[in-house]
Amino acid sequence: MKIRNPFRDLTKFERGLWLVSLAVIALAFALSGFHDVVTFIGSLIGATSLIFYAKGYVLGQFLTIAFCLFYGVISFYQRYYGEMICYLCMSLPMAVAGAIAWLRHPFQKTAEVKVGRLSKRQAVWMFLLTAVVTAAFYLILRALGNAELLLSTVSIATSFIPACLTCFRSPYYALGYAVNDMVLVVLWSLAARNDISSLPMVACFATFLCNDLYAFYNWRRMKQRQMQAGS
């Protein structure tokens with residue numbers, strides 16, 4: 001079987017977005033004094049995963065699994081237990097589920113996932129589960145003495161919804177993650193005030209925001225193109 005290089009499928013704009021994202025993260029890492037290599041590597045993996053998410057390639061899901069592991073470790077040392085639990089116990093399993101869903105629903109015989117449509121029933125269950133999960137995590141985090149409890153709780157809600165939407169293959173997953181990115185930029189900016197090694201995470205989620213906004217645009221184009229092709 002011939003192994004295909006997925007980077008060759010990126011458009012000039014997507015390659016530029018990916019390279020600029022890596023450069024911004026690298027610059028932030030340099031400004032932080034090269035303190036935390038784990039944070040740096042995790043950020044690069046995360047930025048790379050999003051460009052393939054935007055393409056609708058399942059590789060993005062697999063890279064997200066790796067990012068969740070790195071991010072869980074980073075969050076633990078910052079005492080952001082909510083982020084750690086959220087990514088290791090929620091985002092990681094959801095990424096596995098998303099990978100399975102995307103592998104089962106390719107668009108025709110391409111590497112691109114078939115864009116789905118969120119039903120009203122799915123939306124109702126998603127929001128109900130989000131309320132339950134968020135409330136449960138709030139109580140757990142309060143008991144653990146989580147730093148920035150309120151923001152961490154909001155982060156959980158804004159992580160769970162887009163994670164569900166990726167499993168449903170909905171373009172709106174990208175908007176959900178864009179909201180989560182904004183929350184995390186604030187959260188890690190607060191950490192960076194006292195610990196400069198957190199600066200790369202601020203840059204990481206700022207680049208994530210740009211990537212997720214592009215992903216929403218591109219998935220809308222994908223949906224239209226697939227409909228015209230008779231998906």
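The model is predicted. Its protein chain averages a pLDDT of 87. A search of the whole structure finds 1 cavity of 30 Å³ or more. The largest pocket holds about 190 Å³ of space.

**Confidence**
- In the protein chain, 97% of the residues score a pLDDT of at least 70.
- Confidence is highest in helix α1, residues 12-31, at a mean of 92.
- Confidence is lowest in helix α4, residues 81-104, where the mean is 85.

**Helices α3 and α8**
- Helix α3 spans residues 59-77, and helix α8 spans residues 199-228.
- Their axes come within 13 Å of each other and cross at roughly 145 degrees.
- The crossing of α3 and α8 is left-handed.
- From α3, the contact is made by F67, Y71 and I74.
- From α8, M201, C204, F205 and F208 take part in the contact.
- The residues of this contact divide into 7 nonpolar, no polar and no charged.

**The largest cavity**
- The largest cavity has a volume of about 220 Å³.
- Its lining is made up of 20 residues.
- Nearest the centre of the cavity lie L50, T64, F67, Y87 and Y177.
- Several helices contribute at least two lining residues each: α2 (37-55), α3, α4, α6 (149-167), α7 (173-194) and α8.
- Helix α4, where confidence is lowest, is one of these contributors to the cavity lining.
- The cavity lining divides into 11 nonpolar, 7 polar and 2 charged residues.

**The largest pocket**
- The largest pocket is lined by R4, P6, D9, Y57, V58, L59 and A111.
- Its lining residues divide into 5 nonpolar, no polar and 2 charged.
- L59 of the pocket lining falls in helix α3, which covers residues 59-77.

**How empty space is found**
- Rolling a probe the size of a water molecule over the atoms shows where empty space is left.

Definitions and conventions: Residues numbered from 1 in each chain as written. Predicted model: local features only at pLDDT ≥ 70, side-chain atom pairs only at ≥ 80, totals over all residues. Heavy atoms only, no water. pLDDT = per-residue confidence, 0-100. Helix = DSSP H or I, 4+ residues; strand = E, 2+ residues; numbered from the N terminus. 1 Å grid on protein atoms, 1.4 Å probe; cavity = no way out; pocket = protein on both sides within 12 Å on 5 of 7 lines; lining within 4 Å. Points joined across faces, edges and corners; volume = space filled by probe spheres on them. Nonpolar A, V, L, I, M, F, W, Y, C, P; charged D, E, K, R; others polar. Axes fitted to C-alpha atoms, helices over the stretch in contact; angles between N-to-C directions. Left-handed = near helix turned anticlockwise from the far one by under 90°. Contact = heavy atoms within 4.5 Å.
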